[in-house]
Amino acid sequence: MKLASLAHGRDGRLVVVSRDLTRATDAFIVVPTLQQALDDWPRYAPALEALAEQLEHGSVPSFRFHEHACAAPLPRAFARLHAAAWPSHTALLRQAEGAEAPASDPADRLRRAVSDGFLGPRDPIPADPTASLDLAAGLAVITGDLPAGAGPDEAAQAIRLVTLVGEVIRRDRLRPDGLDLDGPLAAGVTASLGPVVVTPDEFGPAWQGGMPQRPLCVTRNGALLGRPEAGADLGAGFAALIAAAAARHPLGAGSLVSAGPVSNRGIDGGPGRSVAEGGAGFACLAEARAAEVLGSGWARLPYLSAGDRLRIEMKDGAGHSIFGAIEHDVVG
């Protein structure tokens, strides 16, 4: 099933969304908010699934679904942990700086991230001329309750929902090893989630190893920045990341584990290449700039500035949008 939270109060108004993202029906007859549904998922999920089936058959009242009316599906989360789960991202940035990439597993590099106020999928991003402002595109899962010490299999079973994530980052506040210069949360300004969250079974056979096996499309001002494959070149899938997050502390229902930016190696196993060079391209500006440094000695692509428009979307094999799109205008 597919769910969304329309902008309403602090925690949104939960709706069930049709598979083609054209129609929605209110979920208040079952549960009013997504967080409440997650708090007692075994109780509410079957009723929400039944409502989703009725929506597909046209047997419940519905209305036109508009992505611009959405808040983040989970407007505020109790916790979010984030990892650069694709090693080629860190490797490319470090190579452009003339340094070696860290050898640690991505699951060892989980960090606390901003979670107490996600941007809506159409909210503007304020420009900051003093910052090297980037938007890194990836994926996120929302978990149910998970005890401390849970293994990867139990962690995989705790995945309730999947969505897009766009993390707004101040690259000038990051050290070469990817850690924040000024302490935790200094570089991660904010983040946005896709308009819609989906249960993993919505992917069918494209859900493998705890990750959608689909490309993530990122554009800037209508030009394709990249279509990296989420299932390729992955260092740690969500099951491993969730297990690492719960290694010493339990995760509460509604915890969010995000991974990104999605990053692919080049066809020769080396650094990723731009779309113009026949590569998969990039899911963040920092990688595109690093590739330019390696190719020509200097970065030409600017970081975000007022007037830019960014779009993040993932489509299924038939070309239909899975989560809707994150689309941000950068405003002065």
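At 18% relative accessibility, glutamate 67 counts as buried. The model discussed here is predicted.

Reader: Is glutamate 67 buried or exposed?
Author: The cut-off for buried is under 20% relative accessible area. Glutamate 67 has 18% relative accessibility, so the residue counts as buried.

Reader: Where is glutamate 67, and with which side chain does its side chain make a polar contact?
Author: Glutamate 67 is in the loop between strand 4 (63–64) and strand 5 (80–83). Leaving aside neighbours within four places in sequence, its contacts include Leu21, Pro121 and Pro195. Gly324 and Ala325 are also among them. At 2.8 Å, the polar contact of the glutamate 67 side chain is with the side chain of arginine 122.

Reader: How many disulfides does a search of the whole structure find?
Author: A disulfide needs two cysteine sulfur atoms within 2.5 Å. The search of the whole structure finds zero.

Reader: What is the nearest cysteine sulfur to cysteine 70, and how far away is that sulfur?
Author: Cysteine 70 is buried, with a relative accessible area of 7%. This cysteine is in no disulfide. The nearest cysteine sulfur belongs to cysteine 217, at 20 Å.

Reader: How many residues of strand 14 are buried?
Author: Strand 14 covers residues 216–220 and has five residues. The strand is mostly covered. The buried count is four.

Reader: Which residues are the bridge partners of arginine 220?
Author: Strand 14 runs antiparallel to strand 17 (residues 309–314), with five bridges. Three bridges join strand 14 to strand 15 (residues 223–226), also antiparallel. For arginine 220, the partner in strand 17 is leucine 310, and in strand 15 the partner is alanine 223.

Reader: Which residue in the turn between strand 14 and strand 15 has a positive phi?
Author: The two strands form a hairpin with two residues between them. The positive phi is about 55 degrees, and it belongs to asparagine 221.

Reader: What is the radius of gyration of the protein?
Author: Buried residues make up 53% of the 332 residues. A compact globule with 332 residues would have a radius of gyration near 20 Å. The protein agrees with that, at 19 Å.

Technical notes. Residues numbered from 1 in each chain as written. Predicted model: local features only at pLDDT ≥ 70, side-chain atom pairs only at ≥ 80, totals over all residues. Heavy atoms only, no water. Buried < 20%, exposed > 50% of the residue type's maximum accessible area, 1.4 Å probe, protein only. Polar contact = N/O pair within 3.5 Å; in protein donor to acceptor, adjacent residues only side chain to side chain. Contact = heavy atoms within 4.5 Å. Rg over C-alpha atoms; globule rule 2.2 N^0.38 Å. Pairing = 2+ DSSP bridges.
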